[in-house]
Amino acid sequence: MNITHNNRLSWIIVVLLCYISFFANNGALTPDIMESRNIVTAREMVSDGNWLVPTMNGELRLEKPPLPTWVAGAIEYVCPDNLPLQRTAAGIMGCLWVLFVYLYAREVSRRKEYALLVTAVFITMYQVILMGRTATWDIYCHAFMMGAIYFLSRGLYEERFYEERHTWKWFCSAGIMMGLSFLSKGPVSFYALLLPYLIAMITLYRPSMKGKWAPLVVMIVICLVISSWWYIYLLIFHSDSVRHVMGKESSSWINHNVRPWYYYWRFFTETGAWTIFMLAALVVPYWKKRSTMKRQYVFTITWTLAALVLLSLMPEKKMRYLLPMMPPCALTIGTLLLYYVDKRPRNIMEKALFYTNGIVIGIIAIAIPAVVFFMKINESMDAWQFIASCIILPLLGIYTIVKSVRIKVRKFIYSVLAIFAVAETILLGNIGEALGNPERRALNEISLNKELNGIPFYHPNDEELRIELVYDARRKILPIDIHDAESVRKAVPCVIVSQRPLKEILPKELTSKIDTTGYGVFDNNLRSKNGKHYSEILVNHVTMIKNIK
């Protein structure tokens, strides 16, 4: 069945995919360092009332613009310490991003089926799913920027007379979206998503600007006003702190996580299930001649490669920084899938491409039961989860292989979506538990101790404090000079969170005079001791100093 013939059904499928990708089991995974930073800052916005000048563990937190943290703060105010709800906000932004990708694809192609193919690819990409499930900044800035690109393309390319009256609407909407993107994570999405789009546009599709210069100027003004007001406020009232942060961030981009220019050579693997198609799409001379959407293919592959080059020029590199490449990658892969819908492939290479991609996905689905047993995931499963993962997924894998060999594109897409749906609704939570640290004892246990209500927490100022500890303690853990007896005397009663036992680091004159209560050793590591990600910094002794004799 061609779902494009049923508009309501197509939207139901998109909504269902959004729910599965962003909301199902969204509380299963433990917060990472990025989420901890955002939520700790949001808590202090609420507790201290510092909505315009955010702090993190008592220190100014001006490195990131505040829009996502304001959202997190509003959720914290209404429903404190609710991680699934915090992630729901990110999921809503993920849905917004999916919507704009769909609308953009439909607009540029005038084909709903292409838009649905692109959406199916985009919503099953690993990076998109992960960031739509974490309460961080990235999903906000890129979702808003995709909206800006959609509105900008409408404004630039609509030439028909009856649509000219909408020009101002499109440009103003684009300006608002750009401003919100900047207020979410600064210029990141301007550089990584908008600029590559503009490069492709100027290179290939130069639009007529007749009657559009004034709306374009207004768009820029709107963007500047929304983007800059918070920074202007900080420059007026906290200019020294802003300069310090700007210097630190500039240094970080140059000196932190520096990788060689070719670090992103395997960018196509970030598309997950669509890796083989994305790799094949790089054979530009071949697809440029054969694609049923030649202009769209050339445009999207140019957009993809421009983004790759720009990201490769930056000294600091992380694989998650490839997230803004996912929309042009999905658009490019969509052109290849549409080719298989429109034309029955005849040569062996085209058939082999489709076979290989489907067979790989199918084999992975078939092999999942073995992985479940090998990783002991089955130990945390209910009976129905075990049956679903060991029976339904292999059957879906076989179905995927069969439809791939027969080159039934739509049914192949449905099978891939079904595999993702089953994996995300059944396996995700159990995988998180299986990969976790069985000896983990998080500091959130301390936050439930009523005896410590109102007692300040400190850590030795010569020890590194990870923000995950602050998140789990649900309160500030401020630095203290533990070697200065007078500083310790003034802080009592207090709780000390230290990497070594308290009596080993206190001044000798206090060791025999303090009255303490030990709460034990807390291991906040998400991974077991055998893993490479295990860190001793996350293992801490917690001791309360009641008084000094």
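Helices (H or I, at least four residues) and strands (E, at least two) are taken as DSSP runs and numbered from the N terminus. The structure is a predicted model, in which local features need pLDDT of at least 70 and side-chain atom pairs count only at pLDDT 80 or more, whereas totals for chains, interfaces and linings use all residues. Residues are numbered from 1 along each chain as its sequence is written, and side-chain values use heavy atoms, with hydrogens and water left out.

Helix α9, spanning residues 188–204, contains 17 residues and reaches 24 Å from its first C-alpha to its last, close to the 24 Å expected at 1.5 Å a residue, where the expected span is 1.5 Å times one less than the number of residues. The helix bends by about 35° at L194, and a proline, P196, follows within four residues; the bend at a residue is the angle between axes fitted to the seven residues ending there and the seven starting there. Its buried residues (under 20% relative accessible area, with exposed over 50% and partly exposed in between, for a 1.4 Å probe and protein chains only) are S189, F190, A192, L193, L194, P196, Y197, A200 and M201. These buried residues pack against α4 (83–109), α7 (138–157), α8 (167–185), α10 (213–237), α14 (294–313) and α15 (326–342).

The loop between α13 (284–290) and α14 holds S291, which counts as buried because its relative accessibility is 2%. A polar atom of the S291 side chain lies 3.1 Å from the backbone nitrogen of M293. When neighbours within four places in sequence are left aside, S291 is in contact (heavy atoms within 4.5 Å) with Y297, T335 and Y339.

An open sheet of mixed pairing is formed by 5 strands in the order β4-β3-β5-β7-β6, two strands being paired if DSSP finds at least two bridges between them. Strand β5 (residues 494–498) runs antiparallel to β7 and is joined to it by 5 bridges, with I496 standing opposite T543 of β7. Strand β6 (residues 514–523) is likewise antiparallel to β7, through 9 bridges, and T516 has I545 in β7 as its bridge partner. By contrast, strand β3 (residues 457–460) pairs with β5 in the parallel sense over 2 bridges, where I496 in β5 is the bridge partner of Y458.

Note on methods:
Polar contact = N/O pair within 3.5 Å; in protein donor to acceptor, adjacent residues only side chain to side chain.
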